[in-house]
Amino acid sequence: MKKGIELYSRKEIEKIRRACQVVAEVLQAVAENIKPGITPWDIEMIAREETKKRGAKPAFLNYKPPFSNVRYPAATCISINEEVVHGLPKKDRVIEEGDLVSVDFGAIIDGYAGDSAITVAVGEIDADKKRLMEATKTALNRAVEMARAGNWLSDIVEAIHSTAEEYGVYPVLKYGGHGIGKKVHEEPFVPNNRKDLGKKNVKLRQGMVIAIEPMFSLGTEETVYDGDGWTVKTKDGSPAAHFEHTVAITKEGPLVLTEI
Ligand code: MF3
Ligand code: CO
């Protein structure tokens, strides 16, 4: 267990995959319901119900992430427009045409976790938001391609950061992906921004399972907390997008576990 990074067997990856399949199905059900007039709390309720139906448990509800001293009070993170990540699902906010809604969700089944996020465009969105979404999705796909034994963590970071540059958008600082399996957050941290890699580069090995989650904003790398203690927003108020997959590094290459 070099540097605390877990290596998972085929059998364990299959278990992680089951959790990931639940996550993918729940996110699909949620996405179909995101329309003008719905509240983030409605989305939260749909996610809980769809998870229960499948005999799984929400991974974030009452979970204390390593970056917090308190437990997260919901099953989903819903981050709208300038909100980047960890948005607390609110009862008193109404989703509107033109919004970018990121839904981040994790599930546990049989002791193994899966984690994924999607950004949904509500109706017609403007050209900048379209470019931002496209950039973030492309970055995730290119980063997944780099998730191969023998490559380096820095290859993933480089794929993400250079894609942001290509599209003229910004990879947020401090937030990123992570190892996942028996726990939601394991080593290594998977940065989105080159500045966050520092000396923490590691070689990717067969059996590693990582969540890769680019978060890009239209205007800045910098973020601030909003008043609720969880929701992270862009410092300049520009919109952000977020996509995430859980990926296993196998002998045959990257295996995206959170795809239906
Ligand atoms: N997918 C989120 C992440 O990797 C999980 C948030 S955990 C929560 O950061 F407890 F903050 F919800
Ligand atoms: Co994650």
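## Two crossing helices

Axes here are lines fitted to C-alpha atoms, for helices over the stretch in contact, and the angles between them run from 0 to 180 degrees between N-to-C directions. In this predicted model, the axes of helix H1 (residues 10-33) and helix H2 (residues 40-53) come within 9 Å and cross at roughly 145 degrees, and the crossing is right-handed.

On the H1 side, the contact is made by Val 26, Ala 29, Val 30 and Asn 33, which meet Ile 43, Ile 46, Ala 47, Glu 50 and Thr 51 of H2. The residues of this contact between H1 and H2 divide into 6 nonpolar, 2 polar and 1 charged.

## Aromatic pairs

The count of aromatic pairs comes to 2. In one of them, Tyr 8 and Tyr 112 stand edge-to-face, at 6.5 Å centre to centre and with 75 degrees between the planes. Tyr 8 lies in the segment before H1 and Tyr 112 in strand S5 (residues 112-121), so this pair ties together parts that are 104 residues apart in sequence. Both Tyr 8 and Tyr 112 are buried.

Tyr 72 and Trp 230 also form an edge-to-face pair, with 4.8 Å centre to centre and 85 degrees between the planes. Tyr 72 sits in the loop between strands S1 (57-58) and S2 (76-80), while Trp 230 sits in the loop between strands S11 (223-225) and S12 (232-234), 158 residues apart. Tyr 72 counts as buried because its relative accessibility is 3%, and Trp 230, at 8%, counts as buried too.

## The surroundings of Asn 201

Asn 201 is placed in the loop between strand S8 (186-191) and strand S9 (209-212), and with 24% relative accessibility it counts as partly exposed. The side chains of Asn 201 and Ser 154 are joined by a polar contact of 3.0 Å.

Conventions
Residues numbered from 1 in each chain as written. Chains lettered and ligands numbered in written order. Predicted model: local features only at pLDDT ≥ 70, side-chain atom pairs only at ≥ 80, totals over all residues. Heavy atoms only, no water. Helix = DSSP H or I, 4+ residues; strand = E, 2+ residues; numbered from the N terminus. Buried < 20%, exposed > 50% of the residue type's maximum accessible area, 1.4 Å probe, protein only. Polar contact = N/O pair within 3.5 Å; in protein donor to acceptor, adjacent residues only side chain to side chain. Left-handed = near helix turned anticlockwise from the far one by under 90°. Contact = heavy atoms within 4.5 Å. Nonpolar A, V, L, I, M, F, W, Y, C, P; charged D, E, K, R; others polar. Phe/Tyr/Trp six-rings, centres within 6.5 Å; stacked < 30°, edge-to-face > 60°.
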